[in-house]
Structures are given as C-alpha cells and as structure tokens.
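Take a look at the structure below.

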Amino acid sequence: MNPEQLRFAKTHEWVSVDGDVATVGISDFAVKLLTDIVFLALPAIGKKFSPGQSMGEIESVKAVSDVYAPVSGEILEVNEQLPDNLGLLSDSPFEKAWVAKIRMSNPEQLNQLMSYSDYQKHCENDGH
Amino acid sequence: MKDVTQLTTGPLVRKTPLNLWHHTHNGRMVDFAGWDMPVQYSSIVDEHSAIRNAVGLFDISHMGRLQFRGDLSAEFLNGILTNDTSKFRVGDVRYSLVCGKDGGILDDVLVYRLPDRWELVVNASNREKLIDWFSNSAGFAAIEFTDATLHTGMIAVQGPRALELLGRVASLPLEEMQYYTTADVTLLDSPALVSRTGYTGEDGFEIIVSAHETERIWQKIMEEGSPLGVIAAGLGCRDTLRLEAAMPLYGHELNETIDPLTAGLGFAVKFNKPEYTGKAALEQIRSAGLRMARVGLLLGGRRIAREDSPVLVEGEPVGKVSSGTFSPTLQKVIAMAYIPHQFAAEGTKVEINIRGAMVSAEVTGLPFYKRKS
C-alpha cells in the first residue's frame with residue numbers, strides 16, 4: 001500500500017478506507033521510534049471505539065504505548081497473524097502489518113485525519 | 001499511540017564531553033537525571049547482544065565522581081559508608097551503600113582506594129544530594145573534597161572482548177588487573193583512572209579521563225575496536241544488561257525507604273566496624289528479621305511488567321515489581337520485585353497485574369544471567 005493513499009492520526013495510526021470499512025495500522029515512523037517491539041495486544045472483535053480511545057497496546061523493550069482508534073466504529077476483524085510476526089511491523093507497516101478493520105459509524109471523522117505529507121511534517125516537528 | 005514523540009530533552013540539561021558525538025551518531029537522546037544521554041543508537045536488543053557477544057562502549061560521564069584527599073579520608077568515609085574502608089587495600093574497588101540514620105539507602109556507590117586519594121562513583125541522580133550529605137557529616141572540614149564530575153568524562157568498555165580491545169589501544173598489563181581493582185595509568189598519552197568494573201554482567205573496564213580528552217579517547221577505542229565488532233551502546237541496553245545480571249538500580253530497587261539488607265546487599269554492610277550513619281538502625285532491622293525480599297520473576301507471555309506492577313499470591317496483592325524488561329538473552333520477560341519472605345522461595349507461583357491483565361510468573365534465582373568463566 002502506498003502511504004500517499006492513507007490517512008494518518010497524530011497518534012501515528014494509519015487508515016485505509018474501503019466503503020465504510022477502515023483498515024488501521026501503525027506508521028513506519030512510530031515503529032522506527034519504538035524499536036524492539038516485543039508484544040502487541042489486539043482489540044476484541046465486536047468491540048466499539050470512538051476516536052482517541054485505546055483499542056490495543058504495543059509494547060517495546062523501552063515502553064508500552066496505546067494504539068488509538070482513529071475513527072468511531074466496531075471491530076470487524078483483527079490481524080491474528082501479527083502478534084506472532086511482529087517483524088511485519090517494520091517489514092510491511094502499510095500492508096501486511098494491518099492491525100484491525102473497523103466498520104465506521106461516522107466516516108466524516110476521516111476528515112480529521114492527516115494526509116501523508118502533513119503527517120510527515122507532524123513527525124518532523126514532534127519527533128525531534 | 002502516545003509516548004513515542006516524547007523522547008525529547010528540556011532546555012536545562014547537562015551535556016557530557018561526548019554529547020556532540022552522540023548527536024552526530026544517531027543517538028536517540030533523552031533527559032536522564034538531568035543529563036542529555038543516548039538511550040540507544042540502533043536497537044536496544046542489538047546493542048545488548050553486541051555487549052554479551054563482543055564489546056561495546058558506554059558514555060557514563062553523567063555518573064558522579066567525587067574525590068577525597070587527606071589523612072582523615074578513610075576515617076571520614078568509614079563514618080558514612082556501610083562497607084568497611086579500613087579493609088580496603090590500595091587499588092581496591094568496593095561496592096557500598098550510603099544510608100540515612102534510619103537505614104534507608106541514600107545511594108549505592110563504588111569506592112576506589114588510590115595511593116593519594118579515595119574516589120566515589122555515585123549515581124547521577126544522587127550526586128548533589130550526596131554532596132550535601134557529606135558536607136553536613138562529621139569530619140568533612142578535615143578532608144579535602146573535590147567534585148570531579150564536570151571536568152572529567154567516563155567511558156565503560158564492556159563485553160567478552162573488552163580486554164582484547166583495550167589491549168590494542170594501551171600498553172598496560174590489563175590482563176593482570178583483577179576484577180574490582182583500579183589504577184592510575186597513562187592511556188593514549190593521557191592520565192586515566194582505569195578499573196576492571198562494570199554494570200553489565202560482562203567483563204569490562206571503566207575509564208575516567210579529563211573532559212577535554214574524553215572524545216579523543218572514545219574515538220580511538222571505537223576505531224581500534226572496529227575489527228572486533230565494537231559498538232556504541234546506550235542507556236537502554238545498559239538497563240536490560242544490568243537487569244539480567246540482577247544488579248539493583250537506584251530509583252527502582254533502591255530508594256530511601258528500602259534498607260540494604262532487604263535489598264539483598266548485606267555483603268556490603270559491615271557490622272564489625274566503628275559507628276557509621278545508619279548502623280544502629282540496620283542492626284535493629286537485622287535482629288528484627290526481614291519481612292520483604294528482592295526476588296527475580298520469570299513471566300509467561302510477552303507483556304512486560306514495569307515498575308510498580310502489583311504482585312499477587314492467591315489473588316491478594318503482596319508486593320510490587322521494581323524493574324522489568326524483555327530479556328534478549330533468555331528471550332523471556334523478566335522482573336525483579338519486592339515480596340514477603342514466605343513467598344520468596346524459588347519456584348513459588350505468583351501473578352502480576354500488568355495494566356489490568358493478570359500474568360502468571362514464577363520466583364527464580366538471581367541473577368538471570370551469569371557469564372561463563
């Protein structure tokens with residue numbers, strides 16, 4: 001997946017949209033910052049989240065971080081392969097390392113998310 | 001996700017003589033005890049493995065370096081330290097605690113006895129507190145005290161190839177230097193205080209040199225070490241390495257509410273020596289019997305138990321985790337914790353509450369990792 005086609009949250013989640021289904025993952029920038037990722041907790045299927053609510057946890061040697069829901073909706077599907085293949089987070093952050101699919105209840109929230117180029121600027125300002 | 005962008009430094013942090021080197025070599029910098037320090041350059045796990053298998057360099061210039069001169073230095077220090085300075089020979093390095101009157105730990109330190117002086121290497125976070133403590137202790141006026149921290153630098157060379165590496169840069173009889181000894185030497189044409197010490201569980205050396213020579217010496221060791229696989233290592237792997245070796249860290253295993261006997265550091269507390277601060281309290285703690293113990297825990301799963309995670313036995317909270325991490329050597333999650341003595345036997349099953357998730361764990365012997373030989 002070309003990151004140019006994705007939308008990004010300030011909290012480093014990416015979203016790709018297909019109809020009313022949002023696929024959510026974690027940006028390459030965040031994965032690089034975390035390094036040494038050892039654990040990922042997926043959300044439960046059927047659970048509902050609003051933007052900014054924690055839907056999962058990602059644990060690196062250094063610290064644990066929340067994975068936040070970028071949009072409102074219900075978890076349709078999760079990437080069961082990912083917790084046992086955490087290397088995918090760095091090898092294929094925008095494709096094979098997707099975390100969850102959410103049936104959006106309010107797709108207008110996508111407008112609150114950033115384009116890839118805005119997200120990169122956000123990282124430059126925030127990350128250094 | 002949050003936290004990932006918070007690894008920036010405030011405006012008033014101190015810089016070691018290697019600060020520019022870290023910034024120009026991809027060091028990911030954090031504020032550590034008021035110092036701008038590298039937490040990692042590449043990956044914590046890769047740096048950890050390099051130290052376990054080859055050799056690496058740490059900038060530990062943030063550690064406090066305090067010097068004591070004058071005939072009464074040994075006596076002065078013996079009134080403050082839990083270890084017995086009267087037993088130290090010239091060239092010895094010994095671990096000791098500095099305790100308050102109630103036996104609580106003010107700091108854990110390395111004590112160097114040299115021909116013309118004593119030196120203490122202390123935690124960065126406690127340096128100013130200790131200087132205050134010393135200057136208010138009996139006998140301070142009779143000794144000559146110098147805080148050498150800001151005009152010196154300190155480099156740790158750690159790993160199974162540390163001896164080979166330093167042998168390439170210095171014509172010193174390093175192989176004859178016993179573990180936990182020290183000497184004033186000339187290293188790359190500069191006066192240096194070298195000790196065979198470290199905080200990683202590996203063989204290694206720590207080198208104190210003047211601040212303006214620190215970067216030159218660091219660079220030279222890096223160059224000479226390149227065929228041996230030397231790397232620069234940050235504070236991130238320093239923590240995972242010391243945790244595998246079960247070495248306590250001030251602010252985690254140690255603080256002013258914990259006494260050294262409970263912390264399992266009785267080897268550095270001497271009772272057959274003259275009066276020192278905290279001695280009476282420690283004698284009382286010893287005769288009353290210890291309630292809590294510092295133990296090692298091996299966890300199931302991959303969630304890391306961080307500091308303050310509750311430890312439970314049969315559903316009841318009995319203690320707390322002091323440090324936890326993923327052990328790159330064991331490929332398991334490990335932790336140290338304080339729990340009551342009756343649960344401290346190896347093999348005891350406990351649970352840890354990690355942010356609401358109950359994770360099973362087992363008490364295990366310390367250290368988690370011990371080097372061969």
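This is a predicted model. Between chain B and chain A, 16 residue pairs are in polar contact, both residues of each pair being at pLDDT 80 or more. On chain B, the elements that give two or more residues to the side touching chain A are β2, α2 and β16 (316-327). By class, that side of chain B has eight nonpolar, seven polar and seven charged residues.

In one salt bridge, the side chains of E59(A) and R306(B) meet at 2.7 Å, N to O.

How many residues does each chain bring to the contact? Chain B brings 22 residues, and chain A brings 29 residues. Together the two chains bury about 2,100 Å² between them. Of that area, 55% is on carbon and sulfur atoms.

Now follow α2 of chain B. This helix spans residues 44-53, and seven of its 10 residues are buried, so it is largely enclosed by the rest of the structure. The buried residues are I44(B), V45(B), E47(B), H48(B), A50(B), I51(B) and R52(B). What covers them? Within chain B, the cover includes β2 (35-40), β3 (56-59), β9 (152-158), β13 (231-232) and α7 (235-244). At the N-terminal end, S43(B) caps α2(B). A side-chain oxygen of S43(B) lies 3.2 Å from the backbone nitrogen of V45(B).

C123(A) is buried, with a relative accessible area of 4%. C99(B) is buried too, at 0% relative accessibility.

Methods
Residues numbered from 1 in each chain as written. Chains lettered and ligands numbered in written order. Predicted model: local features only at pLDDT ≥ 70, side-chain atom pairs only at ≥ 80, totals over all residues. Heavy atoms only, no water. Buried < 20%, exposed > 50% of the residue type's maximum accessible area, 1.4 Å probe, protein only. Helix = DSSP H or I, 4+ residues; strand = E, 2+ residues; numbered from the N terminus. Contact = heavy atoms within 4.5 Å. Polar contact = N/O pair within 3.5 Å; in protein donor to acceptor, adjacent residues only side chain to side chain. Buried area = accessible area lost by both parts, 1.4 Å probe. Salt bridge = Lys/Arg side-chain N within 4 Å of Asp/Glu carboxyl O. Nonpolar A, V, L, I, M, F, W, Y, C, P; charged D, E, K, R; others polar.
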